[in-house]
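Trainee: I have a structure to learn from today. Could you walk me through it, one question at a time?

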There are 2 protein chains.
Amino acid sequence: MRILVTNDDGVRSPGIRALAEALSTIAEVWIVAPDRERSAASHSISLHRPLRISKVDERVFSTDGTPSDCVYLAVNHLLQGNRPDFLASGINHGPNLADDITYSGTVAAALEGTMLGIPSVAFSLCLRGRSTEGMAASAQFARSFMAGLAQRHLAPGILLNVNVPVGSDGASYRVTRQGKRAYGNEVIERTDPRGRRYYWVGGDELAHENIPGSDANAVYDEGVISVTPLHLNMTSDATREEMASWQFPGTARRDHE
Amino acid sequence: MRILVTNDDGVRSPGIRALAEALSTIAEVWIVAPDRERSAASHSISLHRPLRISKVDERVFSTDGTPSDCVYLAVNHLLQGNRPDFLASGINHGPNLADDITYSGTVAAALEGTMLGIPSVAFSLCLRGRSTEGMAASAQFARSFMAGLAQRHLAPGILLNVNVPVGSDGASYRVTRQGKRAYGNEVIERTDPRGRRYYWVGGDELAHENIPGSDANAVYDEGVISVTPLHLNMTSDATREEMASWQFPGTARRDHE
């Protein structure tokens, strides 16, 4: 078994090291990851600038691109002829839960792997601040879970989003649904020393709606690992069918034959 | 009717002006948009830095945040007491099709509106380069479509992703499914004047798999406007049910009661 490991915190982060080390006991691990923290960068493929690749170590590479770029370069160039059986992204330092997953570089890497036809899992540890508490338990779960997944079939176009609570036992998990963010719809107004106003959005960044069976509830209320299966394709077929009866003046619906 | 208009190309872009002008004939329009082009920026809510708001004109504001920040600040602060009935994002200069929609600031703004409970539509014009050909037809369609939508009910958690081909008649559209990107899985290696190698990813950025009924086929093969209904929630319930039978050594699945 061959596993491609990447992340968005950078090739030197403790999370990717813990993940790669744990997975190397069950597979041949290749690391292709950003050369620095890329959490705030665009998550798309870099079409308009060239990319550099550096060899860091045996089967360890860094690039100056996004997490998605790393996956693309790994599968289509660095590991050509050595196609990975799985992709594992993480372990991200911080949660990737609820509606905010579309903004996550860790999840974006797993989306990219899924697009390229490789079963992909994103791992995140629900930490705040600089602590690495819970990293060993996260890595332990990643190893057990990827070993189990190797015996199963993950449907094409589906990726898995894993979030580990800080106090995890490294084993207990729940299969969840994507939850809902609840920042409190708050905007806090302040005035700077020059008398100009500025604004902070949201209240608690970890606030989520209390939805039984959701990712956030598993992690924060039950203290178990959350595993959410996600569709790459976001189409709503129900609404698509409903829209077949819409007739708007000034428009002409052309139905597909 | 009140419509909030935003985008990711910035408050001064031709696309947002064309959209706002067209919609102002059917609704009270408010513009809250980034003060500069934000296509390459992170698309999430800015939790870790304060934001500035500038009043540009009557009911026109810019912020130094992301498109999502603009929507959040508009709904929870600037338009408090004047809650918008709809959100229209765009008209983006360039396509937002297939798998790449998760990377789009234009779509991110519509996702944010949907999260906040406002029926939201993202409009993109499938241009390359600096031309604005097709902008008038796009704006015409946006007006007809939003006027029609005002008479209908868009299900909560669903947003619409509209892509207009350059040669559009401003009326003909098809209800589509999200397509698949096909960059050709190509990596082109070059050598710089200093002898170091660098890499270009992908082939043609507009390449998509030929899938009948997809967004890209409507736009590029049929020359009609594509309207794709998208789920905010990406959970795959089919895979979730299948995972209920998984038993992986070293893990303990805790099912929700």
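Predicted model: local features only at pLDDT ≥ 70, side-chain atom pairs only at ≥ 80, totals over all residues.

Trainee: Which backbone nitrogen does the side chain of A:Ser104 reach?

Mentor: First find A:Ser104 in the loop between strand E5 (86-93) and helix H3 (105-115) of chain A; helices (H or I, at least four residues) and strands (E, at least two) are DSSP runs, numbered from the N terminus. Its side chain makes a polar contact with the side chain of A:Asn96 at 3.1 Å. The backbone nitrogen that the side chain of A:Ser104 reaches, at 3.1 Å, belongs to A:Thr106.

Trainee: Is A:Ser104 buried or exposed?

Mentor: Buried means under 20% relative accessible area, exposed over 50%, and partly exposed in between (1.4 Å probe, protein chains only). A:Ser104 has a relative accessible area of 4%, so the answer is buried.

Trainee: Over in chain B, how many residues of helix H3 (residues 105-115) are buried?

Mentor: Among the buried ones are B:Gly105, B:Glu112 and B:Met115. The buried residues of H3(B) pack against parts of chain B including strand E1 (2-6), helix H2 (67-78) and strand E7 (158-164). The helix is largely enclosed by the rest of the structure, because the buried count is 11 of the 11.

Trainee: What distance separates the end C-alpha atoms of helix H4 (residues 135-149) of chain B?

Mentor: The expected span of a helix is 1.5 Å times one less than its number of residues. H4(B) has 15 residues, so it should span 21 Å, and the distance between its end C-alpha atoms agrees: 21 Å.

Trainee: Which backbone oxygen does the side chain of B:Ser138 reach?

Mentor: B:Ser138 sits in helix H4 of chain B, and that helix is mostly covered, with 11 of its 15 residues buried. B:Ser138 is buried too, at a relative accessible area of 1%. Not counting residues up to four places away in sequence, B:Ser138 touches B:Ile91, B:Leu125 and B:Val164, where contact means heavy atoms within 4.5 Å. At 2.7 Å, its side chain reaches the backbone oxygen of B:Gly134.

Trainee: Which residues of chain A does B:Thr239 touch?

Mentor: B:Thr239 lies in helix H6 (residues 237-243) of chain B and counts as buried at 5% relative accessibility. Its side chain makes a polar contact with the side chain of B:Ser236 at 3.1 Å. Leaving out residues up to four places away in sequence, B:Thr239 touches A:Leu154, A:Ile158 and A:Pro229.

Trainee: How much area do chain A and chain B bury between them?

Mentor: Buried area is the accessible area (1.4 Å probe) that two parts lose on being put together, summed over both. The contact takes 93 residues from chain A and 92 residues from chain B. Of the buried area, 59% is on carbon and sulfur atoms, and the total is about 8700 Å².

Trainee: How many salt bridges cross the interface of chain A and chain B?

Mentor: A salt bridge is a side-chain nitrogen of Lys or Arg within 4 Å of a carboxyl oxygen of Asp or Glu. One pair is A:Asp237 with B:Arg177, the closest N and O atoms being 2.8 Å apart. Across the interface, the rule finds 6.

Trainee: How many residues apart in sequence are the parts that A:Arg2 and A:Glu28 tie together?

Mentor: A:Arg2 and A:Glu28 form a salt bridge, with their closest N and O atoms 2.9 Å apart. A:Arg2 lies in strand E1 (residues 2-6) of chain A and A:Glu28 in strand E2 (residues 28-34) of chain A, so the pair ties together parts whose separation in sequence is 26 residues.

Note on methods
Residues numbered from 1 in each chain as written. Chains lettered and ligands numbered in written order. Heavy atoms only, no water. Polar contact = N/O pair within 3.5 Å; in protein donor to acceptor, adjacent residues only side chain to side chain.
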